[in-house]
Amino acid sequence: MIGVFLCHCGKNISTHVDIKKLKEELSKDPGLYVVEDTFLCSQAGQGLIKDSVKEKGLDRVVVASCSPKHHGDIFKNCVGEVLNPYMWEMANIREQCAWVHQNDNEKATEKALALVRGAIEKVKLHEPIGQLTVPVSKEVLVIGAGIAGIHAALEMGDKGYHVHLVEKTPIIGGNMVKLDRTFPTDDCSMCTISPKLNEVASHPNVIIYTLSEVEEVSGRPGEYEVKIVKHPRYVDEEKCTGCGTCAEKCPIKRPNEYDFGLSKRKAIYIPAGGMVPLKYTINRDDCLHFRTGKCGICVDNCVAGAIDFDQKEKHIELKVGAIMVATGYDQYDLSNTEYNIEHPNVITGLELERMIDPSGPTSGKIIRPSDGETPKSLTFIQCAGSRDERRNTYCSKICCMYTIKNAQLVEKEYPEMEINLCYIDIRTPGKNFEEYYRRFRSAGINMIKGMPSEILSGENDTLEFDVYDTATKKLLKINTDLVVLATSLVPSEGTKKMAEVLHLVYGPEGFLAPVHVKINPVDTANRGQYIVGTAVFPKPIQECITDAGAASSRVATFLKDDKLVLDLVTNRIDPEICIHCGECVEGCNYSAIKENEEGVYEVLDVSCLGCGKCAAICPSNASEMRFGSDEQLKVQVSGILSSDPDTIIAYSCEQCGYNAADLAGISNLEYSSKVKIVKVPCTARVSFELMLYPFLKGAKGVMVAGCLEDQCHYIDGNIGAKERAMMAKKILDLIGIGGERLQFFNMSSGDGPKFAESARAIAEVCP
Amino acid sequence: MKFSMFWGCIAPLRYPGIESSTRDVLDALDVEYKDLEGASCCPAPGVFRSFSEPTWLSVGARNLALAESDGNQLMTICNGCYGSLFESNYELRQEPEKLEEVNKILKKVGMKYNGTTEVRHEAEVLYRDMGEDRVRGKVKKELNLNVAVHYGCHFLKPTETRGLGEAEKPTILDEIVEWTGAKSIDYRYKNLCCGAGGGVRARNPELAKAMTLKKYEAVKEAGADCLVTPCPFCHLQYDQAQPEDGLPVLHISQLLGLAFGSDEKRMGFNYHRIDVTPVLEKIK
Amino acid sequence: MAKMIDPEFAEKVAKEGDKSLFLCYQCGTCTASCPSSEITSFKTRKMIRFAQLGLKDDILPNDDLWDCTTCYTCQERCPRGVKIPKIILYLRNLAAQAGYMADAHKGTAKNLFIFGHAVSFKDKHEKLRKSLGLDGVPHTTLGSKKALEDLKTIMKANGFDSLIGYKEEK
């Protein structure tokens, strides 16, 4: 027997919806136990529901009151005390009925009746929903040991989790250890990060794998199986003491990539002094032993006997509960451009950092790479490759600040040097940044608001170019000894690779994409995988640390128990019907459908978010939602239509469309009572069939209300749905019903007026 | 409190009615004052400071030193003099090296400036030192006039050094005007410069006139009976450069004189270019 | 023709004019508030920018430089606290030294040597004063030979006479 509970909501609903009439009509059905109450959400109201279930032996419940977005949780918990928490349905007769049809009580009542009947038919097909309990591992993988990765590892380690910190290069510290002083405090980078490097290297809960890369990740959230390859160092890490005798004696010299060629290294080397771990590495391509079989000078000189030419790559397998990606950035490659970066005296921002660094390749002296002399003039050029439709459209955020920082450091050291700075804007979006800029401005550096078109090679290895000064409308000629380009930041090679390995969503520029840039900035679409630092977007050091803290909090929440408990409102695939086309695997943004050992496609419940896309696109109907199945939605639709055929069915996605409809109600915006809303998790759920089905049952029209095009909360569900809608319209035209009776609307979750407008628009063409 | 009066150039030599009105107002208010004997041009800020700042500083310092010898505060009746002397005084107090340089020059005429003179403007003395009660107490005739108050530029600005409050929507002069019973009306471009300053009246009279014209249109539109200003140079500019049917221009001392019932013949209205009679008729 | 920046001249203006020169970031608020900028080709921002770049030749001979009335509105509104009128007055000093002083201004300056005042003093002015009950001759440099001589000494010590081309008639 089904319990139907009708709420007056004080006078909110009952002023426009005749609750008495509803009760009368519904009571005609002997299968229903119909009760009315003033405030169902109150303690008394909830008590009424629970007592009725117990006393009358009800096995399902329908609550006709406000929006599930309002008190849905209250009723779910209430019902859950006496039945399975999914054996109920809610009919929204307030925000989506009483409040939007205030001018016609009769129509409002008619609509409310239809909505309740739809809910009753649907709940008849509900199945109890179970829960999935999966164990989780308390081990965490952090990919990338720059400042973000290191900080994440420390946070997780301090929280008691075991952390595996994987780093591609021979040392940890990333780009930050290449920097000299950092804004806006001008304290030196190494001083700030050294304690962290040492802390993470000696942390009891952190294992560091250098020269290592993540090759493959499989498994499921909570228990990811990770395969790591550790490339050979050709030096035994246990034995090497970092004494450096090997490098002293090694006969092979090469330009040091770490110092952008400003210094030389040997075939056996450490990228720079004072690094962690202090272990040497042999570059196989440079080493004479590997090239010719001859030479063992390092072996002869190593007292610790740490050289091991036979060292092989190691394969390590780990099981981790969560993964944090902190793979960082690189500088954009400006080769073969008008910036003339091939010229020895045109350098990038990072290269200047290496020069200014007192422990760097030039001992802190600024030199012209062409002849090693001190430049008499230095010109900074901003936005090299950024804010550029031809290259990277975005702003790289940190360059204005680091250039100002460098310019004033140079000016202090070399007060005689003429310094120019060519820019479009100076951006100072941070605490104490504008004050830093103001202090800098009094120094008398030539600030030119204008950009050069090209950098030409001049005499004696100088550079020259013209630049148009905006305020004076004069063309200025600059002749300078050294040009420093604030090169655009791009996702590193590692970032791009991890995006592939982990199937992470990324934006058009290659930066990793969070679920939502504002409200969910470190989570990804893959449950249990988080992204931090400059792999997501250029940002200053303090923001990398904030990211790491945020993600650590998310990981700690995710792994807080030994197990994960999830409601099984997920999809399931019937292996008997499945034709193995693979559409669902392709289409799932959450990598939640996998082929198991028996070659059968199955849904990973722990990764599935229940958007319904796979169910909608499955050509053979093998994929079905446990909650909100096709059958359930269909009987809901036919239940509404048999009660009131003068209906336009409005499939509204729970994230935006449904919310917007609620807001239309809160604002008391009027639209036709023909429009009756059916909630779906995402418009992706609305299959071709579901779009046409209402017409079969006599509907006057169908509308689909989803998120704005680029803001689907399930990434791209609304895109496919809209395509289907366009196709369905054509079919409706062909069969003579008229494509104008099916319409797809995109709207923001906060746009009540848009929902009302859309409802009015379609009601107009569906007489 | 005794003041050494700095009369400037324009008032005593071109609109002496302003000087006599001021004397009568100060007498009525029982203010003790004497002339600053041997004073020169302040020197005019827009003109002389444009040519040579060191000269401007030295000439100004001489005037300040004269007041220092009197042991009095120096009171001006003119925005230009006020701005010039206040700013040179400020510079000399802020930059000891400049004061030293200037004193080297003053030494040639046996003078020295120690930086102790306070520079005042009649309007702010009335406002701060006298106050409403004392001034209202002397009003014999409530003036029913709609007055367009023109603050000018150097009375309140630069606000950073003047310390007389803000210059966007000031009230000092509006209040003083209302103490006479007159109504200070609002009008567009109330903050607009008269155009004479900075040496512009002499070098580019057309530009000065264009700015005066803008003010003229605005005050006519607002229905004012007269323009009142604390600066003889703005006074001169408006009296000379407005069109024929321009508004009569009064210095603040002349307005107060009318309210105090001072001798109208001493106010020099006959020598204004724009006829003041309509104002005098209205207040009868 | 493209111009070269002259950092030395810019430094001089900053040092002797006002050190706030380099704080200007060309937002243009000054120009928007300037009554002269509205009417003439003088543009406040441009003049300050010329100074920042040391473009001397665009400043000293420029008539625009003299269209500023020193109303101080720009300084009041400047978000960077640049002492604009002070800088313009300093640039005028340099222009005057370079010989770019208007005749009208030289006339006003000469009055200071003759009368000790910026305007002349004739019989009619004395008469006007008397008619109002004032002393015919004000008690300024007009009433004291010594005061005028002292003033002249001070001005000559500053080289002001040669600056404006004043030669004393014996």
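How many salt bridges does a search of the whole structure find over all chains? The search finds 84, where a salt bridge is a side-chain nitrogen of Lys or Arg within 4 Å of a carboxyl oxygen of Asp or Glu. This is a predicted model, in which local features need pLDDT of at least 70 and side-chain atom pairs count only at pLDDT 80 or more, while totals for chains, interfaces and linings use all residues. Residues are numbered from 1 along each chain as its sequence is written, chains are lettered from A and ligands numbered from 1 in the order in which they are written, and side-chain values use heavy atoms, with hydrogens and water left out. For the complex, the predictor gives an ipTM of 0.95 and a pTM of 0.77.

**Chain C**

Along the principal axes, the C-alpha atoms of chain C fill a box of roughly 60 × 35 × 25 Å. The radius of gyration of chain C is 20 Å, whereas a compact globule of 170 residues would have one near 15 Å; this radius is taken over C-alpha atoms, and the globule rule is 2.2 Å times the number of residues to the power 0.38.

Next, colour residues 7–97 of chain C as domain 1 and residues 103–164 as domain 2, bounds that come from an automatic or database domain assignment. The centres of the two domains of chain C, taken over C-alpha atoms, are separated by 31 Å. Of the 170 residues of chain C, 60% count as buried, meaning under 20% relative accessible area, with exposed meaning over 50% and partly exposed in between (1.4 Å probe, protein chains only).

Now select helix α9 of chain C (residues 145–157), in which C:K152 and C:E149 lie three residues apart, about one turn of the helix. Their side chains meet in a salt bridge at 3.5 Å, N to O. C:K152 is buried, with a relative accessible area of 7%, whereas C:E149 is partly exposed at 43%.

**Chain B**

Select helix α7 of chain B (residues 122–130), where the buried residues include B:E122, B:V125, B:L126 and B:M130. The helix is followed by B:G131, whose phi is positive, near 90°.

**Chain A**

Moving to chain A, expect 22 helices and 38 strands, with the C-alpha atoms filling a box of roughly 100 × 65 × 50 Å along the principal axes. Of its 767 residues, 57% count as buried.

Begin with A:K230 and A:E237, which form a salt bridge whose closest N and O atoms are 3.0 Å apart; A:K230 is buried, with a relative accessible area of 13%, while A:E237 is partly exposed at 27%. Then select helix α18 (residues 630–643), which holds A:K634 and A:E631 three residues apart, their side chains meeting in a salt bridge of 4.0 Å, N to O.

The backbone deserves a look as well. Most residues other than glycine have a negative phi, and most peptide bonds are trans. In the loop between β8 (181–182) and β9 (187–188), select A:P184, which is joined to A:F183 by a cis peptide bond with omega near -10°. The loop between β8 and β9 also holds A:D186, whose phi is positive, near 55°. Another cis peptide bond joins A:V276 and A:P277, with omega about -5°. Finally for the loops, A:L211 lies between β10 (206–209) and β11 (212–220) and has a positive phi near 50°; at 11% relative accessibility, A:L211 counts as buried.

**Last stop**

Which residues form a nonpolar patch on the surface, with about 380 Å² of accessible area together? Select A:I731, A:L734, A:I735 and A:I737. Patches are made of residues with over 30% relative accessible area and no salt bridge, like charges being joined within 9 Å and nonpolar side chains (Val, Leu, Ile, Met, Phe, Trp, Tyr) within 5 Å; accessible areas come from the Shrake-Rupley method with a 1.4 Å probe, and for residues only the protein chains shown count as cover. A:I731 is found in helix α21 (residues 717–734) of chain A and is partly exposed, with a relative accessible area of 31%.

Key: Helix = DSSP H or I, 4+ residues; strand = E, 2+ residues; numbered from the N terminus.
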